[in-house]
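Open the viewer and follow along.

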Amino acid sequence: MAGSEDLDTLDAYCATGSLRGAADLLHLHHSSVSRRLEQIAKVLGIDLTAPEGLARARLALTAWRLLDG
């Protein structure tokens, strides 16, 4: 992942569980969030639309926060 924009996008998606919810939270159009999430999923090699992919992303964000904090 490239940076804080990607982390913010992934965090918003994990928090809301939906594309439109993340877009609202980030004040972006849902198509922009969709493109970001597609790129993030490709880089991470996980399907963010699948429950197990979303769970893996949530765990990764939690681990990152614990290590960063």
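Colour the chain by secondary structure. Helices are DSSP runs of H or I with at least four residues, strands are runs of E with at least two, and both are numbered from the N terminus.

This is a predicted model, where local features need pLDDT of at least 70 and side-chain atom pairs need 80 or more, while totals for chains, interfaces and linings use all residues. Residues are numbered from 1 along each chain as its sequence is written, and side-chain values use heavy atoms, without hydrogens or water.

Next, select residues 4–16, helix α1, and residues 30–44, helix α3. Their axes come within 10 Å and cross at roughly 100 degrees. Therefore α1 is roughly perpendicular to α3. Axes are lines fitted to C-alpha atoms over the stretch in contact, with angles from 0 to 180 degrees between N-to-C directions; 65 to 115 degrees counts as roughly perpendicular.

Show the side chains where the two helices meet. From α1 come Glu5, Asp6, Thr9, Leu10 and Tyr13; from α3 come Val33, Arg36, Leu37, Ile40 and Leu44. Contact means heavy atoms within 4.5 Å.

Now zoom out and display the C-alpha trace. Along its principal axes, the trace spans about 30 × 25 × 20 Å. Finally, colour by burial. Buried residues make up 30% of the 69 residues. Buried means under 20% relative accessible area, with a 1.4 Å probe and protein chains only.

Notes
Angles under 35 degrees count as roughly parallel, over 145 as roughly antiparallel, 65 to 115 as roughly perpendicular and the rest as oblique. Buried means under 20% relative accessible area, exposed over 50%, partly exposed in between (1.4 Å probe, protein chains only).
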